[in-house]
Amino acid sequence: MRLTKKDIAKLSSLSRVSLKGEEDKLLKDLEEILEHFSVLNEVNTDSTEPLLSGGGATNVFRADRGEWPYRGLGNENFISGKNDWMQIPPVFE
Amino acid sequence: MVDLRNLSIKKIKEGLLDKKFSAFELTAAVFDVIEAKNGELNAYLSLNKDRALATAAAVDAKLAGGENLDDLAGVPLAVKDNILVKGLPATSASKILENYRASYDAEVVSRLRDQNAVLIGKTNLDEFAMGSSTENSAYGVTRNPHDLNRVAGGSSGGSAAAVAGQMAVAALGSDTGGSIREPASFCGIVGLKPTYGAVSRFGLTAMASSLDQIGPLAKTAEDAAILFKAIASKDAKDSTSVGVDYADVADDPVLEKVRGLTIGVPDEYFGDGLDQEVGKEMERAMDDLKSLKIKFKKISLPYTKYALAVYYIIMPAEVSTNLARYDGLRYSPPSEGEKHKLSDLYFQNRSQGFGEEAKRRILLGTFVLSAGYYDAYYLKAQKVRKLIKRDLEQTFQEVDVIFAPVSPTPAFKVGEKTANPLAMYLSDIFTIPANLAGIPAVSIPVRGREGKLPIGFQLMGKNWREKDVLDVGRLYERL
């Protein structure tokens, strides 16, 4: 992976870190490190899911139900309602 | 005068109960050694002398009053400076946190206080724990007590040097890619990286959150087990912590049970790049373990060769995110120079506050997370991380413990690798897989190297089976 000074300037801007006089050294270091990363191209990961957490923990979700248990409970406070939906007077004429 | 050499946690308790010394005398003796040695070793960044002596005096009073002592009561402990101790500086060895004092205790520190442990001070590290030699500290390099021309390892180099230099009986460190095990190996002590989730990270200055873990550095595997037992906990303040029962982790190992374990030796850890002397010492340590009639088995971990690249993509990505909070408005001292707008303040403070390695990792992390490169680098690394973890999980169906070197070389000379970051990163090659997979791993010093540079071997275990690796280490130490 070849980087340019423009790339370094862009990264510096995104990171909010200015690099006065350090650009050349960083460019060389980052290129060398990115070159080492190319070893990962050997690995076929087409059918592999990414590992997202250190402990391998996963989120526990409740069932995705299309209903809300509290629907209708507040209707009595409104002027009128229809089919569990609350109706309010028009605000803008 | 209390003789601090070979003084273990267990021996301290015995000494206090037998009135061979008081906790106050012990603490005062530790500060005497610090006064004599810290100038050349630079293990401590700040000391807690008054409060430490007061805690020790309180322990003596409890003992005089006939109260029972906890395992760590009166034990002088050091704490890495990226772990918060209320009222003490917490610089993480960075200029950007130069004036910051912790306003609360880390969970691990609260647990040590509950046992009346004596907190001696805060130890040096690579800035924000980013490094393998403690040369990246904004407050100077920590030197190896065995050879002052050599590094103490990193990033928990201050904690390792403090224990090896008799300036603490044990210490806390943090391990993201080997930062407890490598300095322990270089300094000839024991270092344990617990299973990810075994110890609360609440109050640990975050570096790479999916990898960071707090653990003990100690003179013996038994001490490491006692300290680990004290800090392991489920903590509501860290959602990644898991409540595992570690009640027996420090119990005396039973030889017959340990003989029932099978130790795997992976080919991939003994190839090119391993220093010849380290290789020989690994053979010698294995021969010693075989004399205990523990079974050994050759294994293969084919994805090991990708671990370094995976780590140095994921870790900087998390670093660039975690260090974004240092914006010049909180924690940090005001930077020098004129500021015309808010972004000037960000740029100036971050540019003056972060050191070279921190900047390198922030930029690298920003790059691998940026549009157009995310899939090719970060997502790819997360997928290969899964394969490395799966590799280890499958291997642990055949074996109980994996034996490996800790580092390819013994402690290297100060300045030897600072010009070449990739060469420095290669120091972590054998320790990184345990962090990527989240498994526990311990560094144990090879026996019989008195007068030579220490070399450690590594034992990796199944998730939550710290007892397996510590027990093997404890039986090895008794040989």
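I'll begin with the contact between the two chains, which takes 27 residues from chain A and 38 residues from chain B. Keep in mind that this is a predicted model. On the side of chain A that touches chain B, the elements giving two or more residues are helix 1, residues 5–15, and helix 2, residues 23–37. Helix 2 of chain A supplies the largest share of that side, seven residues. By type, the residues on this side of chain A are 14 nonpolar, nine polar and four charged.

Now chain B as a whole. Chain B holds 16 helices and 13 strands. Its radius of gyration is 21 Å, close to the 23 Å from the globule rule for 479 residues, so chain B is as compact as a globular protein of that length. The C-alpha trace of chain B spans about 65 × 55 × 45 Å along its principal axes. Of its 479 residues, 60% count as buried. If we take the contacts in chain B with a separation of 6 or more, 76% are between residues 24 or more positions apart.

Next, the inside. In soluble globular proteins, nonpolar side chains tend to be buried together. Here the largest nonpolar core has 161 residues, and the members that touch the most others are B:Leu77, B:Ala168, B:Ala170, B:Val310 and B:Ile313. Which helix gives the most to this core? That is helix 10 of chain B, residues 307–322, with 11 residues. Take B:Val310 as an example: apart from neighbours within four places in sequence, B:Val310 is in contact with B:Ala381, B:Val384, B:Arg385, B:Ile388 and B:Leu436.

The buried residues of helix 7 include the charged ones B:Glu222, B:Asp223 and B:Lys229, along with B:Ile226, B:Leu227 and B:Phe228.

The other topic is strand 13 of chain B, residues 456–461, which is mostly covered, with six of its six residues buried. B:Gly456, B:Gln458 and B:Met460 point one way from the strand, while B:Phe457, B:Leu459 and B:Gly461 point the other way. What does strand 13 pair with? Strand 11 of chain B, residues 401–405, pairs with strand 13 in the antiparallel sense over five bridges. Strand 12 of chain B, residues 441–445, also pairs with strand 13 in the antiparallel sense over five bridges. B:Phe457 in strand 13 has B:Pro405 opposite, and B:Ile444 also stands opposite B:Phe457.

Notes. Residues are numbered from 1 along each chain as its sequence is written. Chains are lettered from A and ligands numbered from 1 in the order in which they are written. This is a predicted model: local features need pLDDT of at least 70, side-chain atom pairs count only at pLDDT 80 or more; totals for chains, interfaces and linings use all residues. Two residues are in contact if their C-beta atoms, placed from the backbone, lie within 7 Å. Helices (H or I, at least four residues) and strands (E, at least two) are DSSP runs, numbered from the N terminus. A nonpolar core is a set of buried Ala, Val, Leu, Ile, Met, Phe, Trp, Tyr and Cys residues joined through C-beta atoms within 7 Å. A residue is buried if 20 or more other C-beta atoms lie within 10 Å of its own, exposed if 12 or fewer, and partly exposed in between; C-beta atoms are placed from the backbone. The radius of gyration is taken over C-alpha atoms; the globule rule is 2.2 Å times the number of residues to the power 0.38. Two strands pair if DSSP finds at least two bridges between them.
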